Amino acid sequence: MFWPSRDKSASSEEVALYSPRLCLRPARFSDYDQWVEVRARNRDYLKPFEPAWPKASLEPDFFRRRIERLMHDWNADRTYAFVILDRSTNALIGGLNVNNVTRGAAQYATLGYWLDEARQGNGYMTEAGHVVLGFAFKALELARLNAATLPHNLKSQAMLKRLGFSEEGFARTYIQIEGRRQDHVLFGLNAEEYSGPARNT
């Protein structure tokens, strides 16, 4: 596993994170074919859990502009976005972001994630989550991570609890999901509370 210290200002191209089964790294322009295939195949599964998809969300130009924006946000210490790759096949199976980095007295960010429906139930997101939590708390020196799920998204809530997050509250009409603001259950994890993955994870 490689991660640079925050004060070294490493660009997104220099970062790759590894776990036994996964590689997490920033998306590249060359990922478009895999990215559009998995996102298109999972459209009906993902849309009820995500902000409304723009009409051109699967087009090459949209992907190019997305990569450029994420590179800029990475270098500006605002968002750290990763694609999740299966190390055995190099297949793109999901994504995991450290969003809305806030410095100063706060030192927190928000976790966002998605996974190919066909890969659900195998512990991939929990494994990826532990890798990114280590990056967030050690390399980025964040003191806290927040997360939020729709009330009925019990799979996501269970995954957050496996990572060590605690349920902390409820926010009405919190985030725009599929075109309308929806209620969310709020979770949080402080750096000093994070114990890392279990030995058998």
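## Close-up views of a predicted model

**Figure 1. Glutamine 34 is partly exposed, with a relative accessible area of 32%.** Here, partly exposed covers the range between buried (under 20% relative accessible area) and exposed (over 50%), calculated with a 1.4 Å probe and protein chains only. This is a predicted model, in which local features need pLDDT of at least 70, side-chain atom pairs count only at pLDDT 80 or more, and totals for chains, interfaces and linings use all residues. You will find glutamine 34 in helix H1; helices are DSSP runs of H or I with at least four residues, strands are runs of E with at least two, and both are numbered from the N terminus. Not counting residues up to four places away in sequence, glutamine 34 touches Asn90, Ala91 and Leu92, where contact means heavy atoms within 4.5 Å. Leucine 92 sits 58 residues from glutamine 34 along the chain, yet their C-alpha atoms are separated by 6.2 Å.

**Figure 2. Helix H1 has buried residues covered by other elements.** H1 spans residues 32–41, and its buried residues are Tyr32, Trp35, Val36, Val38 and Arg39. Their cover includes helix H2 (43–46), helix H3 (60–75), S4 and S5.

**Figure 3. Asparagine 90 and aspartate 77 both have a positive phi.** Most residues other than glycine have a negative phi. Asparagine 90, one of the contacts of glutamine 34, has a phi near 65 degrees. Asparagine 90 belongs to the loop between S3 and S4 and is partly exposed, with a relative accessible area of 47%. For aspartate 77, phi is near 60 degrees. Look for aspartate 77 in the loop between H3 and S3; at 18% relative accessibility, this residue counts as buried.

Figure 4. Valine 101 is part of strand S4 and counts as buried at 13% relative accessibility.

**Figure 5. Arginine 25 is a buried residue of strand S2.** The relative accessibility of arginine 25 is 8%. With neighbours within four places in sequence set aside, arginine 25 is in contact with Val15, Ala16, Asp31, Ala81, Phe82, Val83 and Leu85. Valine 15 is 10 residues away from arginine 25 in sequence, and their C-alpha atoms are 6.2 Å apart.

**Figure 6. The largest nonpolar core holds 38 residues.** Such a core is a set of buried Ala, Val, Leu, Ile, Met, Phe, Trp, Tyr and Cys residues joined through side-chain atoms within 4.5 Å. Leu24, Phe82, Val98, Phe135, Leu145 and Phe165 touch the most other members. The elements giving two or more residues to this core are strands S2 (22–25), S3 (80–86), S4 (92–102), S5 (108–115), S6 (144–149) and S8 (180–190), along with helices H4 (124–139) and H5 (154–163). H4 gives the most, with 10 residues.

**Figure 7. Phenylalanine 165 touches residues from several parts of the chain.** The contacts are Leu111, Leu133, Leu145, Asn146, Ala147, Leu160, Phe187, Gly188 and Leu189, with residues up to four places away in sequence not counted. A second, separate core has 16 residues, among them Trp53, Leu58, Phe62 and Ile67.

**Figure 8. Stepping back, the protein chain has 5 helices and 8 strands.** In sequence order, they follow the pattern β-β-α-α-α-β-β-β-α-β-α-β-β. The C-alpha atoms fill a box of roughly 40 × 40 × 35 Å along the principal axes. Of the 201 residues, 50% count as buried. Among contacts with a separation of 6 or more, 61% are between residues 24 or more positions apart.

Technical notes
Residues numbered from 1 in each chain as written. Heavy atoms only, no water.
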